[in-house]
Amino acid sequence: MSVKRKLPKQISKSIKDIYYPAKPAINFRDHNQIFNDAKRSNFQGQFDDFPVEPIDSTIKTREQARKVFDKVYYPLKVIVPPKLRKAIGIQEMVFKTYKGKRNCIRYYTKSKFLTRKQCALLYLDEDIRSVYGFTINDKPMTDSNLLRYLQMVGELERKADKLSSKSQQEYSAYREMSPPFKTNPDGSRKPMVIQMGVNSYMERNKINNPVKIIDTHVTKEQLKIYDFANLGAILSELNITAQEGLDYICKYLNKNRNIKRKHTEDRELSRGATALKNLIDFYKAEVKRTTALKLDKPKTKIFGYKELMNSPQYETYCQQSNEPQLRGYESFCKWIKKRLNTINKLK
């Protein structure tokens, strides 16, 4: 959550002296000089009235951290007001101190000694801890906790000896923090996604675990995917991460030049058409999903033009097609109806 503060009416004299020197008229500063000037101004308290916000959104392990520790606070970044950015040379920055106090990652725990899950989390946070610094209960890590942490790291590295990649070491740490997941004795598992046609697809193709879709999608019936949200949910059922999905797609396309050309050349020349198709497919999928859901939950609101107009998918379409984003509901209704009618006439 952003912490908004009113800016002072006048820029302090010291900031003027640093960023608006009288002579020479043009002051060229390299990056190091810009950062050093900013650090000096922050140390002198010149940025204390600037707005700040935590860097939580950039931390991948923030949710896991707040599960294994009682409290976790991440550093604050100082946001330079737009009018001063050109003069100061930066838009935002995380300083080592803020208002004279240390600006680092702060872990809090009621336990006297670190648990295995907490050590595993600290291992995952090793990169960001080395950048921002950290404390545990507002103190440096004690010798006893450091010993526990090193023992834990040694165990993780021994488990990952055969798999030397960094990702596998991280995977071992995640396993330490997660409860074991067990399938049924016969290897079956029901999908967690609903209203996407996965259950009926599995029944038609006589499979008892969603991971078998990997085979049946190629050898039997293709599972229909309507939008990227739908795709993400299905990949999750197949135990495929977003990064792995992208890796597999790129490797496949680079082995099939004709298919690759369709995406890199043919469709690149008609991105607007592709973007419109994606938007209409998303709208139809949401209407179908909410209509089916309304049968079980009567209070469910059917996805309509208003929801589509306010959706991030429509915003993305406008960015890809360079069309102005309509904000008026009546204008948007006319716009989308015209396109839907044109598509329906072709069928």
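Which residues are linked with Lys77 in a network of salt bridges? Keep that question open while the tour works towards the sheet where Lys77 sits in strand 3.

**The whole chain**

The model on screen is predicted. Start with everything displayed as a cartoon. The protein has 17 helices and eight strands. Its length is 347 residues, and 34% of them count as buried. Switch to a surface view: the accessible surface comes to about 24300 Å², with 54% of that area belonging to carbon and sulfur atoms. If contacts between residues at least 6 apart in sequence are taken, 59% of them join residues at least 24 apart.

Strands of a sheet pair through backbone hydrogen bonds, either parallel or antiparallel.

For a landmark, pick Val52 and look across to strand 3, where Val78 stands opposite.

Show the side chains of Glu53, Lys77 and Glu92. These are the residues of the opening question: the three are linked in a network of salt bridges. Take the link between Glu92 and Lys77, where the closest N and O atoms are 3.3 Å apart. Glu92 belongs to strand 4 and Lys77 to strand 3, so this pair ties together parts 15 residues apart in sequence.

Is Lys77 buried or exposed? Its relative accessibility is 13%, below the 20% limit, so Lys77 counts as buried. Glu92, at 43%, counts as partly exposed.

**From strand 1 to helix 3**

Next select Asp56 and Arg66. Their side chains meet in a salt bridge, with 2.5 Å from N to O. Arg66 is in helix 3 (residues 62-68), while Asp56 is in the loop between strand 1 and helix 3; the two are ten residues apart, and the pair links distant parts of the chain. Asp56 counts as buried at 17% relative accessibility, whereas Arg66 is partly exposed at 37%.

Move to residues 228-237, helix 11, and select Ile234 within it. Why does Ile234 count as buried? Its relative accessible area is 6%, under the 20% cut-off, and therefore Ile234 falls in the buried class.

Draw a distance between the C-alpha atoms of Ile234 and Val198: the separation is 8.4 Å, for residues 36 apart along the chain.

Finish by selecting Lys301 and Glu307. They form a salt bridge, the closest N and O atoms lying 3.2 Å apart. Colour the two by accessibility: Lys301 counts as exposed at 60%, and Glu307 as partly exposed at 25%.

How many salt bridges does the count come to? The count is nine. Among them are Arg66 with Asp56, Glu92 with Lys77 and Glu307 with Lys301.

How values were computed:
Residues numbered from 1 in each chain as written. Predicted model: local features only at pLDDT ≥ 70, side-chain atom pairs only at ≥ 80, totals over all residues. Heavy atoms only, no water. Pairing = 2+ DSSP bridges. Helix = DSSP H or I, 4+ residues; strand = E, 2+ residues; numbered from the N terminus. Buried < 20%, exposed > 50% of the residue type's maximum accessible area, 1.4 Å probe, protein only. Salt bridge = Lys/Arg side-chain N within 4 Å of Asp/Glu carboxyl O. Contact = heavy atoms within 4.5 Å. Areas by Shrake-Rupley, 256 points an atom, 1.4 Å probe, with all protein chains shown as cover.
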